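Q: Could we go through this structure together, one topic at a time?
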Amino acid sequence: MRATDATGPASPAQHGIWLTSRLTHVPEVFHLALRLAFDRIDTAALARAVAATAARHPALGAALVERDGVVHRIPAGRAPALAVLDTAADSGEAIAKRLAEELALPFDLAAGPLARFTLHQRPDGGAELLVVAHHAVFDGNSKDVLVADLAAAYAAALAGGEPAAAVAAEAPREPDAALVEAAAAFHGPRWAAATDPVLPGGARATTDAGPGEAVTWRLDGPGRAAVARAAREAGVTVFEFLLAALHGLLHRYGGEAVPVAVPFGTRRPGQHEAIGLFVNELPVYAPADADGHSGFASYARAVRREVRLVSAHRAVPFGTAVPGLTPRAGLAPVSFGYRRRTTAEPVFPGSGTRVDWAVFHHAARNTLHLQAVEDAEAIDFSLQYDPAVLAAPAARRVAGHLATLLAAAAADPGTALGDLPLLDAAEQRLVTTAWNDTAHAYPAERTVLDLVRERAAAASDALAVVAGEQRLTYRELLERAERLAGALTAAGIGRDDLVGLHLARTADLPAALLAVHAVGAGYLPLDPGYPAERLAFVLADSGAALLLADREPAPEVAAAAPAVLRLPAAGDAPAPAGTAPGRLAYVLYTSGSTGRPKGVEIGHRALVNLLAAFADRLGSGPRDVWLGLTSLSFDISALELLLPLTTGGRLVLAPDGLAVDGPGLRALVEREGVTHVQATPSGWRVLLGAGPLPSGLTGLVGGEALPLPLARQLRAGTDRLLNVYGPTETTIWSTCAELPAAPEAVRIGRPIANTRAHVLDARRRPLPIGVPGELYLGGDGLAEGYLGRPELTAERFVEDPFGAPGDRLYRTGDLVAWTPEGDLEFLGRLDDQVKIRGHRIELGEIESALLAHPALAEAAAAVHREEDGEEPFVAGYLVPAAGSAAPAPAELRAFLQQKLPGAAVPQRFLVLDRLPLTPNGKLDRRALPVPPVPVETAAAAPDGAQDRDEVLTAVLGIWSEVLRLPDLGPEEDLFELGGHSLTIIQITARIRDLLGVELDFDVFFATPTPLGIAAAVRELR
């Protein structure tokens, strides 16, 4: 059967566009336009040419109407005709404005026609013809057909000849079942595994239409020739080479399995001279084996193979192959359109003619749409985007990155994808040099003890330490430290030894730190509140020469110590004189990804740099009163304890247990006149829970991510608020951001003094502004390495590719991105390491402890939040051993408390039959469900049962009929059941016929359940 394009049922593609046009608030996203500029034109002949062209192509005179749930193409009530506007008196700017208004003017799909021809006459005698056609009856190749036929019809009109005969095209055919089955088998798994693109600035991926802008550029002359030559040498087409560049850019940005939507032509023999919608947009997936290491030419060939695989299924509409797809303007967040013009420029006798083949309609169909038009002279690019989704500067950078990558790939297609440059010279300088210009003088050859002694010499009677009833001046503090140093010397402790500190939070604590340094040793924090089993491991693993304790340690701890020195230590031994500083200031153990904690070695220079940087940043001096709140086993305690003592201020030690006592903590702060408080977000919440913050505070927040609501609350109650960030391996804090009075975002700021920060990809190349990557830190704060773990040190402390020979960088494992202002934004962990209540915890250590229980065969751990801004919690997932029952939560917590810090013990547990795995056999942590609130604390759920009234019963019946699924429930999701655009049209039509209600299509997206649709029907009845 043969029919014209203007008669018969609409194709599936037309169904989708018809429905999406009804839903979008930006109808011009479906407008395809071209603009012809004439030096002079015979208006009457052009009018006849337009009429003849419209008669030759019935699609231009069609309308789309819905009847009984089916969309039909019918002839419109009138044919397209030339509209002539006398704009001779208008300026060029006024004409451009009129053209833009005409381009945006919506079509009435039901009335038609779906094409417009508007001629704007220019003052110089020339004219501009704007042709706008709706995508429902028009595609990219239709532009070439239209202009060629219009030129031929114009020539015939001038010569008095007959117009060309009408073009007939076959009606759309439904693909047979075998083709649909093959397409479903191909697309289904790939689409299910697809991921959203990673874009600069964290732009959200969208397939919704919105107002659009574009970045345009041209590749001509040698540039175009280089691309053509490189494509030819790689054995691919220019289209495939450009698509590979786009896929490669998305891969370099961090995309894992990002599909790019590409329109595939569906014209069959006999349709090549027809105007109409002959495309099927399908996702082309990134090569599965893309790793950035292969040459770009090889990568392009892999993309070519993917294109060929997808092309084999071009006859099957994607919505037919993958049911449940919601209507959208763009199939995927990123799309690519390419046209290669091979036809000659049109000839309109008597006039010079210039054609703009890619008139931009200022609408965005998705997050990013790249349009490339190639001819014999150049390739014109247009990167179209929604500025409400992707900021204009970010879009310009994306275009620049693509152009840079493409030029490098064309110049040397053998270069590995991962080695192709993305950044231009200016951006490269910003992220590697300008934002790392942090050099600042500090007493690099001094130690903390030297600085405290200087302060004591300047004001020996000034109050240095307050700990409960104990109050020590600087002179008394140093005297106590010297007596203790003498006791350490008498016990055989000397330079480069390690001393374990197992001490309560008394005035002896800061004295002990100074005493250890006085004998040239380093200190090893051992919080008495930690499990004895862990403390014993740390002591044994570190090789500490002595345990300094103010109480009898647990038997396991004492057994692991070569010697134990109890406080108060004898003070008769002489203080060491002139002992040179040892190699290390302290060793602090952090959680280990394999279940084995590791000791981080911090040198004196690194510690002094940290203290000097923050003394300068805060303007620290003798008037400052610092709260010492944090456990010595948490490295941030060193800042609280030592910064006031090295700047002449006062340290107020909070006693054990006060960190969780909000009222008591507040009373201490007010009583002692504390001016500076450092705490994790969890710690600050404790203090806030006791009421408004005391006035005059400077606050430091770190240890875990600071939620914006908490940041605003804290900033409103403090004089200054600093968000600080840093791993133990780079000495406490490495970056700092001071928050303004009303923060709109929370960043971790810029590197502190003498610190360098780099955001790098997996191949340690700098990433563009706004693109997430791993944070590498360098500079004077770098740790020496991991105690006794040279292989781990070599893995995490790597050569600095941007520094001098011998410079190193620490791989933090944290995901960050540069902001355009030069701040760092923290985005999470690259590995399974997390922070809970300020404690750095690796999920591997929790899982290792869980697996030590004999009743468990498998175990996993994850971190969840109930809602944004709420405290995260650790969840444990349990697979019982054969023949065993999972241990009760209380029993398991008691077991884990002997092995883990309290913050690492899961708050919730969930028993599973098996752990979810990724295709490569690894634990799929993202697939772990959020465990429910334990029964004992769960609130009673409201009764959600709904009566099945007559409206709901009718809606359920309609859904069952259309979907061909019996026994549907009232809360089943339409799209999860395989619903799509045709389904919505059919359901709407049946509701209109049966219940007398005309539903808006967007109701199906707001409430895609029978229950929701029934409620919408009731509101309209």
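Q: What kind of model is it, and how are residues numbered?
A: This is a predicted model, in which local features need pLDDT of at least 70, side-chain atom pairs count only at pLDDT 80 or more, and totals for chains, interfaces and linings use all residues. Residues are numbered from 1 along each chain as its sequence is written, and side-chain values use heavy atoms, with hydrogens and water left out.

Q: Let's start with strand S29. Are its faces covered or open?
A: Strand S29 (residues 676–679) is covered on both faces. His-676 and Gln-678 are buried on one side, and Val-677 and Ala-679 are buried on the other. Buried means under 20% relative accessible area, exposed means over 50%, and partly exposed lies in between (1.4 Å probe, protein chains only). Strands are DSSP runs of E with at least two residues, helices are runs of H or I with at least four, and both are numbered from the N terminus.

Q: Why two sides?
A: In a regular strand the side chains alternate between the two faces of the sheet.

Q: Which way does S29 pair with S30?
A: S29 and strand S30 (residues 698–701) pair in the parallel sense, over 4 bridges. Two strands count as paired if DSSP finds at least two bridges between them. Within S30, Val-701 is the bridge partner of Ala-679.

Q: And what does the chain pass through from S29 to S30?
A: The chain passes through helix H20 (residues 681–688), and this β-α-β crossover is right-handed. Right-handed means that, with the strands pointing away from the viewer, the path from the first strand over the helix to the second runs clockwise.

Q: New topic: the backbone. Which residues does the cis peptide bond join?
A: The cis peptide bond joins Gly-112 and Pro-113, with omega about -10°. Pro-113 is in the loop between helix H3 (92–104) and strand S7 (115–121).

Q: What about phi of His-362 and of Thr-731?
A: Phi of His-362 is near 55°, a positive value in a residue other than glycine. Thr-731 also has a positive phi, near 70°, and is likewise a residue other than glycine.

Q: Where are they, and are they buried or exposed?
A: His-362 lies in the loop between strand S15 (353–356) and strand S16 (363–364), and His-362 is partly exposed, with a relative accessible area of 44%. Thr-731 lies in the loop between strand S31 (720–725) and strand S32 (735–738), and Thr-731 is buried at 0%.

Q: Now salt bridges. How many are there?
A: A search of the whole structure finds 42 salt bridges. A salt bridge here is a side-chain nitrogen of Lys or Arg within 4 Å of a carboxyl oxygen of Asp or Glu.

Q: What is the distance between Arg-122 and Asp-124?
A: The closest N and O atoms of their salt bridge are 3.2 Å apart. Arg-122 counts as buried at 15% relative accessibility, whereas Asp-124 is exposed at 57%. Arg-122 and Asp-124 also belong to a network of salt bridges with Arg-35 and Glu-128.

Q: Which parts of the chain do Asp-780 and Arg-605 link?
A: The side chains of Asp-780 and Arg-605 meet in a salt bridge of 3.8 Å, N to O. Asp-780 is in the loop between strand S35 (773–779) and strand S36 (785–786), and Arg-605 is in helix H17 (residues 604–618), 175 residues apart.
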